[in-house]
Amino acid sequence: MNKEKLWTKEFIIVSTINFLATLVYFLLLVTIASYATSEFGASTSTAGLVSSIFIIGSLLGRLGAGRFIGQKGPIKVLWIGLTFFAITSALYFLANSIPLLLINRLAQGIAVGIIGTATGTIVAHILPSARKGEGIGYFSLSAILATAVGPFIGILLMNMESGFTIMFVMNLFMSLICMLFLATVKLKLAPIKQPEQKAVKSSILSQFIEPKAVPISFIALIIGFSYSGVMTFLSFYAESINLVSAASYFFLVYAVVIIFSRPFTGKIMDSRGANIIVYPCIIIFAIGMFFFSQASEGWMLLLAAAFIGFGYGNFNSVAQTIAVKVTEPHRFGLATATYFILFDLGLGIGPYVLGFIVPETGYRTIFVAMVVVIILCIPLYYLMHGRKDKELMKTA
């Protein structure tokens, strides 16, 4: 029997758009604080706000996009997000003060949140149901590659003369490329049958959040919280343990492991269910975090990167697939938004909370504590989804 086609023109274009938008996200996330300091003399706390307010905007964008996708469709919402993205990209050249820069960062965060939710929803619709896990695994690689390439380009340009101007030009150029790519493909989604209106009105919350996607998204929040310390404090931690050189390769190893493992884990999930991937991934993530917390030599830090990449990286794509699979097609947009809202919330609050604790305990203690948090996700996952996964496989 021939497999249903996965690598369609539509799938490739939408994944590329997601890659470019996410690349801009991370390129500016690691550099804009320095720009605020050097260009406007911003304090450290203000510069940090210029960077982090983008994440707040992204959460707001996802929250609104999930609902509007159900009303207008994901393609129209993607066009709105890309147009807003291009406008905010151009406005960097006019943001000549900290307040204007903050407003533009918030606005562009909203645009990227809309784009990410719309592309994820479109992919969920165009993928064959029998290969949804594999397809979402490939799609999420676009974001993984961007998290590695974006900071690399940003740091490279930061050390160049007129580097920030080049960044803003790239930002605008990539936003226009995204619109051009979308214009070259005719996305036609099968009409989604809306269920008949029930007598009981839905709650206001359910108009923005998909309740069926909340359990797995809550696990993703905890997993994201556990990982956030690695993402935020790696450079400080590496300096404190004299492994700065090895740390420069951390995210490269992390990305390579995900790239080579995603195709296999997606296929296995489609054929045998999520549990066979999720439980090992959580355990491997915990092992990686333990190695990370105890690293005293370069090879230990890079081994931790490999374990974290396999465990944490593959959990994300599987969890996103679960959020979609437990949801009716007409609410795929809300399911995608729900997943990323909670996941991004974990990534966002983690550094803030852990930042208060680190001065009292040190980095190693924090990362050991995260091992315990990760392991606690095993029974939590079982209670919230794992025990029902076989039934989901039968009804899929």
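Predicted model: local features only at pLDDT ≥ 70, side-chain atom pairs only at ≥ 80, totals over all residues.
The protein contains 15 helices and zero strands. Its radius of gyration is 21 Å, close to the 21 Å given by the globule rule for 396 residues, so the protein is as compact as a globular protein of that length. The C-alpha trace spans about 55 × 45 × 45 Å along its principal axes. Contacts were considered between residues at least 6 apart in sequence; 85% of these join residues at least 24 apart.

Of the 396 residues, 52% count as buried. The protein exposes about 18,100 Å². Carbon and sulfur atoms supply 69% of that area. Charged side chains comprise 26 positive and 15 negative ones. The centres of the two sets lie 11 Å apart.

The largest nonpolar core has 117 residues. Met289, Phe292, Leu301, Tyr312, Phe315 and Phe367 have the most contacts inside this core.

Tyr352 lies in helix α13, which covers residues 332-361. The relative accessibility of Tyr352 is 60%, so this residue counts as exposed, the cut-off being over 50%. Tyr352 and Asn159 are separated by 193 residues in sequence. In space, their C-alpha atoms are 28 Å apart.

Definitions and conventions: Residues numbered from 1 in each chain as written. Heavy atoms only, no water. Helix = DSSP H or I, 4+ residues; strand = E, 2+ residues; numbered from the N terminus. Rg over C-alpha atoms; globule rule 2.2 N^0.38 Å. Buried < 20%, exposed > 50% of the residue type's maximum accessible area, 1.4 Å probe, protein only. Contact = heavy atoms within 4.5 Å. Areas by Shrake-Rupley, 256 points an atom, 1.4 Å probe, with all protein chains shown as cover. Lys, Arg positive; Asp, Glu negative; His and termini not counted. Charge placed at Lys NZ, Arg CZ, Asp CG, Glu CD. Core = buried A, V, L, I, M, F, W, Y, C linked by side-chain atoms within 4.5 Å.
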